[in-house]
Amino acid sequence: MKRIAVLTSGGDAPGMNACIRAIVLTAEHYNIEVFGYRHGYNGLLNQEYKPLDRDKIANILQAGGTVLRSARCLEFKSEASAQKAAANLDELNIEALLVIGGDGSFRGAHHLSQYWDKQIIGLPGTIDNDIWGTDATIGYFTAIETALDSIDKVRDTADAFERIFLVEVMGRHAGFIGLSAAVSAGADQVLLPELIKDSTSALQSILYHIQTARKIKGNTSYIIVITENLWPGGVTALSEVLTKETGTDCRPVILGHVQRGGSPVAQDRMLATKLGAYAVEAAIAGKTHIMIGESAHRVVEVPLEETWSKTKELDPYLVKIQSQLFDIAQGHIAQNLD
Ligand code: ADP
């Protein structure tokens with residue numbers, strides 16, 4: 001194997017740079033050239049690339065974002081685009097393409113594989129952690145830390161003013177960041193897409209918990225962690241309802257894109273480095289159409305289609321203890337109300 005290529009696609013995540021670095025250093029170790037395509041699949045279509053070597057990736061390990069830039073590329077879904085990308089890759093004699101991204105980017109890789117007969121390997125890079133086959137994705141740990149840091153700060157001001165705060169975290173379809181941040185921050189409630197199916201009945205239980213907790217503990221801070229796009233009308237609408245129904249000031253805090261940024265924490269750097277290095281060795285070994293992930297501290301090879309056709313579930317034990325703590329509070333509340 002003489003030349004491989006790498007690109008970052010879809011939502012960016014801290015640790016993507018660490019992964020690019022590991023790929024380049026490992027490839028150099030095996031005397032393989034690496035070309036970095038820019039702007040996700042757009043780079044493949046426009047032949048926008050740069051050769052990467054040890055100097056180009058110096059000091060990117062600790063940087064958030066991605067030096068290759070990321071992007072969405074809707075036109076890549078067409079047959080013509082995939083054919084063009086295949087021709088461009090062949091023109092540069094690329095023997096394997098490494099795609100760092102989320103499940104959308106892996107679908108793109110699969111689409112390309114129908115028109116390109118060389119090797120394609122995926123690396124899970126997304127803060128959402130919603131990819132089946134790997135315990136964690138690159139960027140997830142940093143996003144939890146970022147959310148946690150913000151919730152801790154919100155707690156301070158919530159305490160001072162005895163307010164209710166609704167903190168919205170990312171995770172459109174999955175509650176991984178929400179659950180981890182809520183448990184780590186000791187949030188009073190957590191509202192996740194996996195747990196809330198009907199907002200009307202959920203509202204009653206949210207209100208009941210706030211009101212009974214306040215009867216027991218008096219006016220203290222109360223933090224609810226909620227994932228984006230979960231509530232009809234968003235967190236602003238929900239906070240208005242809660243303010244009206246509880247008579248207590250409820251403020252929304254939307255963390256938003258801040259969760260995508262920042263220097264990757266050690267866990268993300270290690271994961272990115274391990275998976276990036278392994279991906280190059282898997283390419284040399286002739287592997288294709290797989291994602292490199294990690295399960296129980298071991299690197300694993302996962303068939304690409306399984307990464308999106310199977311659904312990763314929240315840790316059931318973490319869900320159990322979050323609701324168990326809630327139940328304990330309820331038991332305490334019930335006793336003290338008599
Ligand atoms: P993520 O990789 O973070 O899940 P997206 O879902 O936005 O992000 O996907 C990133 C890109 O992957 C898209 O903009 C598109 O270029 C490509 N892609 C996604 N789904 C497909 C598909 N079915 N066919 C071809 N390309 C796709």
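Mentor: Let us begin with accessibility, keeping in mind that this is a predicted model. Tyr 49 has a relative accessible area of 32%, and since buried means under 20% and exposed means over 50%, Tyr 49 is therefore called partly exposed.

Trainee: How do you know whether Phe 35 is buried or exposed?

Mentor: Phe 35 has a relative accessibility of 6%, and because the limit for buried is under 20%, Phe 35 counts as buried.

Trainee: Why is the pair of Phe 35 and Tyr 49 called stacked?

Mentor: The ring centres are 5.0 Å apart and the planes meet at 15°; rings pair if their centres lie within 6.5 Å, and planes under 30 degrees apart count as stacked, so the pair is stacked. Phe 35 belongs to strand 2 (residues 33–37) and Tyr 49 to strand 3 (residues 49–52), so the pair ties together parts that are 14 residues apart in sequence. Phe 35 and Tyr 49 also form one aromatic cluster with Tyr 37.

Trainee: What makes the charged end of Lys 312 sit over the ring of Phe 176?

Mentor: The charged end of Lys 312 is 5.5 Å from the centre of that ring, and the definition asks for a distance within 6 Å, together with a position within 35 degrees of the ring normal.

Trainee: Which residues touch the most other members of the largest nonpolar core?

Mentor: In that core of 60 residues, they are Ile 4, Ile 23, Leu 98 and Leu 123, while helix 5 (residues 140–161) gives the most to the core, with eight residues.

Definitions and conventions. Residues are numbered from 1 along each chain as its sequence is written. This is a predicted model: local features need pLDDT of at least 70, side-chain atom pairs count only at pLDDT 80 or more; totals for chains, interfaces and linings use all residues. Side-chain values use heavy atoms; hydrogens and water are left out. Rings of Phe, Tyr and Trp (its six-membered ring) pair if their centres lie within 6.5 Å; planes under 30 degrees apart count as stacked, over 60 as edge-to-face and the rest as tilted. Helices (H or I, at least four residues) and strands (E, at least two) are DSSP runs, numbered from the N terminus. Buried means under 20% relative accessible area, exposed over 50%, partly exposed in between (1.4 Å probe, protein chains only). A nonpolar core is a set of buried Ala, Val, Leu, Ile, Met, Phe, Trp, Tyr and Cys residues joined through side-chain atoms within 4.5 Å.
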